[in-house]
Amino acid sequence: MTNEIIKNRLTEKFGEHLSGWEEPFGLLTVNVAASMNLKVLQFLFDDEQLRFRFMTDLTGVHFPERKGEELCVVYHLHNMVDGIRLRLKAYVPVEKPDIFTATKLYSTANWMERETYDFFGINFIGHPNLVRILNVDDMDYFPMRKEYEMEDPTRRDKDDEMFGRG
Amino acid sequence: MSDQITHTQHHIKLSEESLQKQTTTLNLGPTHPATHGVFQNIMEIDGERVIKTEQTVGYIHRAFEKIAERRPYYQVTPLTDRLNYCSSPINNMGWHMTIEKLLGLKLPKRVEYLRVIIMELSRIADHLVCNSVVAVDTGALTPFTYVFQFREKIYEIFEEVCGSRLTTNIGRVGGFERNFSVASIEKLHSFVETFPKMMKEFENLLNRNRIFMDRCIGAGPISAERALNYGFTGPNLRAAGVDYDVRVAQPYSSYEDFDFKIPVGTVGDVYDRYMVRNDEMWESLSIIKQAITKINKIEAEFPDQKNVFYAPEADHFHIPPKQDVYTKMEALIFHFKIIMGEIDAPAGEVYHSVEGGNGELGFYLISDGGRTPYRLHFRRPCFIYYQGYPEMVEGGLLSDAIITLSSLNVIAGELDA
């Protein structure tokens, strides 16, 4: 099993919904259309050749400068039989951050999706219990989004440029 | 006076629903002597049987992922200490290895073997705590006092290497802060010599102990299929019979050079988890012995390797020795530059995982070329497998639920990050 085989198999099946193939540090990465995430996951789970039946990780990332696709859901899947990993990314707009839940496929996605909802506000459609998990229940914002600053905004020594950005 | 109290009529109005209810709601935690950490389980119990349980997590959530977005890479290391604080060196080194992967550093063999020694020592410390606490929860306090002496010895080695014990902040990007002292090597040797005797005694007290076996066998089982679906990793998955170990599946830090077995269980109950952890401690001890032999061989062959404790290529990431920082101007400037994160890391996206005390500890790092992570996510094994807990205890006895919790080795720091 190599990255090439996975890529060909996925392209054959979902060609037009996949884009941005990359291999950072050997880990095959692909962007999947948000509406197709569950179909792709289901295929990866069921396919006798691919067998990605272990979800290692699920998390979110906020890219405020990517207009129309600000929030990203990142899945790390693992085929334990062949010892190969795959990273899937699905981008959703911050105004309507809807994506299908993977809980029915991987029970482990339950809490990880709750965590992602808690911190990024991504709405996992069909999730059995999409409520906050680590933060207090009455919190009314999503703290991991980039607009919420870590530091006191009046401090000049903690500006972005001090951290090599902007 | 006491008569009055006993004869006082209660006028508490209970809702119709709770008057009709045949089961009892029990709050196990957040602070309860049997939970060993801040865990809350709201249980519905029928006599001694657990009907339903619902966990509440997040009591010690400290927003590490958010904090890490404003911390230069070295300042993230102390945050990782506080994830699984029973084996913090593994967390520290996992994080350093993630940065090394991003920077593309290759470490000398001696450094990697030294790391292996420290990581295996902390695995032993982690498993010792877990297994002795399982024994405490079944009513056997003595083994706990035996093993804690040896956890202490491990902490003394850490102290000798890095200066701290529990939250170690051990090592640097590219290796260690200083070479292992003579005293630390001596302590390591004395540990390797004395540990087997204690371990055998510990096993004699528990492994075939009728009371212990009756309490543990069949308590809190999980099948391999469900465990995989729940994302179990580490000893808990291996107890269910899946031989997945990151050290073997994706070797890091030269684990491929070592010869060791992966112990597996069959039904994934408390006893299996206990036995898997015990066997893993023996394997860890054998890895440590192999590492010492390998280091001695390297040193005999290349005497100049004795002073290699970090990768030469990581020079610009290596904090100068403290005595130089206080006496030499360049060293002081360099120290300041590194600690304040004046050295940029390349842009990139890395996922690196190590076999932590509880399973696959992953670091998902997105760097945009700045001095801090753009996004850092910890794949915390405890958080992921704790959601399988209700399935394991529902239908069982309440006392089984308690030993299941301790045998899962859920660490509050890692659970809540």
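How many bridges join strand 2 (residues 28-32) of chain A to strand 5 (residues 84-92) of chain A, and in which sense do the two strands run? Four bridges join them, and the strands run parallel. This briefing concerns a predicted model.

**Chain A: overall architecture**

- Chain A contains three helices and seven strands, which follow one another along the sequence in the pattern α-β-β-α-β-β-β-β-α-β.
- Taken along the principal axes, the box filled by the C-alpha atoms of chain A has dimensions of roughly 55 × 35 × 25 Å.
- Chain A has 166 residues, of which 40% count as buried.
- Among the contacts in chain A with a separation of 6 or more, 48% involve residues 24 or more positions apart.

**Chain A: the five-stranded sheet**

- Five strands of chain A form an open sheet in the order 1-2-5-4-3, and the pairing is mixed.
- Strand 1 (18-22) and strand 3 of chain A are the edge strands, each pairing on one side only.
- On average, and with direction ignored, neighbouring strands of this sheet are turned by 20° against each other.
- Within the parallel pair formed by strand 2 and strand 5 of chain A, A:N31 has A:K89 in strand 5 as its bridge partner.
- Helix 3 of chain A packs on this sheet, where it touches strand 3 and strand 4 (71-79) of chain A. The direction of helix 3 makes about 5° with that of strand 3 of chain A.

**Contact between chain A and chain B**

- The contact brings together 28 residues of chain A and 35 residues of chain B.
- On the chain A side, the elements giving two or more residues are strand 3 (54-62) and helix 3 (109-120).
- Strand 3 of chain A gives the most to this side, namely six residues.
- By residue class, the side of chain A that touches chain B divides into 15 nonpolar, nine polar and four charged residues.

**Chain B: the three-stranded sheet**

- In chain B, an open sheet of three strands has the order 4-5-6 and antiparallel pairing.
- Strand 4 (348-355) and strand 6 (375-379) of chain B each have a single partner strand, so one side of each is left without a neighbour in the sheet.
- From one strand to the next, the twist of this sheet averages 10°.
- Helix 5 (residues 88-103) of chain B packs on the sheet and touches strand 4 and strand 5 of chain B. Its direction makes about 145° with that of strand 4 of chain B.
- Strand 4 and strand 5 of chain B pair over eight antiparallel bridges, and B:S353 has B:G362 in strand 5 as its bridge partner.
- Strand 5 (residues 360-367) and strand 6 of chain B are joined by five bridges and run antiparallel. In this pairing B:I366 has B:R375 as its bridge partner, while B:G362 stands opposite B:R379.
- Strand 5 of chain B is mostly covered, with seven of its eight residues buried.

**Chain B: packing of helix 8 and helix 13**

- Helix 8 (residues 182-206) and helix 13 (residues 270-301) of chain B have axes that come within 11 Å and cross at roughly 170°.
- Helix 8 of chain B is therefore roughly antiparallel to helix 13 of chain B, and their crossing is left-handed.
- From helix 8 of chain B, the contact includes B:V192, B:F195, B:P196, B:M199 and B:E203. These meet B:N278, B:M281, B:L285, B:I288 and B:K289 in helix 13 of chain B.
- The residues of this helix contact divide into seven nonpolar, one polar and two charged.

**Chain B: the surroundings of B:Y74**

- B:Y74 lies in helix 4 (residues 73-81) of chain B.
- B:Y74 counts as buried because it has 20 C-beta neighbours inside 10 Å.
- Neighbours within four places in sequence aside, B:Y74 is in contact with B:I338 and B:I339.
- B:Y74 and B:R123 lie 49 residues apart in sequence, and the distance between them is 23 Å, C-alpha to C-alpha.

Terms used. Residues are numbered from 1 along each chain as its sequence is written. Chains are lettered from A and ligands numbered from 1 in the order in which they are written. This is a predicted model: local features need pLDDT of at least 70, side-chain atom pairs count only at pLDDT 80 or more; totals for chains, interfaces and linings use all residues. Two strands pair if DSSP finds at least two bridges between them. Axes are lines fitted to C-alpha atoms, for helices over the stretch in contact, and angles run from 0 to 180 degrees between N-to-C directions. Two residues are in contact if their C-beta atoms, placed from the backbone, lie within 7 Å. Angles under 35 degrees count as roughly parallel, over 145 as roughly antiparallel, 65 to 115 as roughly perpendicular and the rest as oblique. A crossing is left-handed if the near helix is turned anticlockwise from the far one by less than a right angle, and right-handed if clockwise. Ala, Val, Leu, Ile, Met, Phe, Trp, Tyr, Cys and Pro count as nonpolar, Asp, Glu, Lys and Arg as charged, and the others, Gly among them, as polar. A residue is buried if 20 or more other C-beta atoms lie within 10 Å of its own, exposed if 12 or fewer, and partly exposed in between; C-beta atoms are placed from the backbone.
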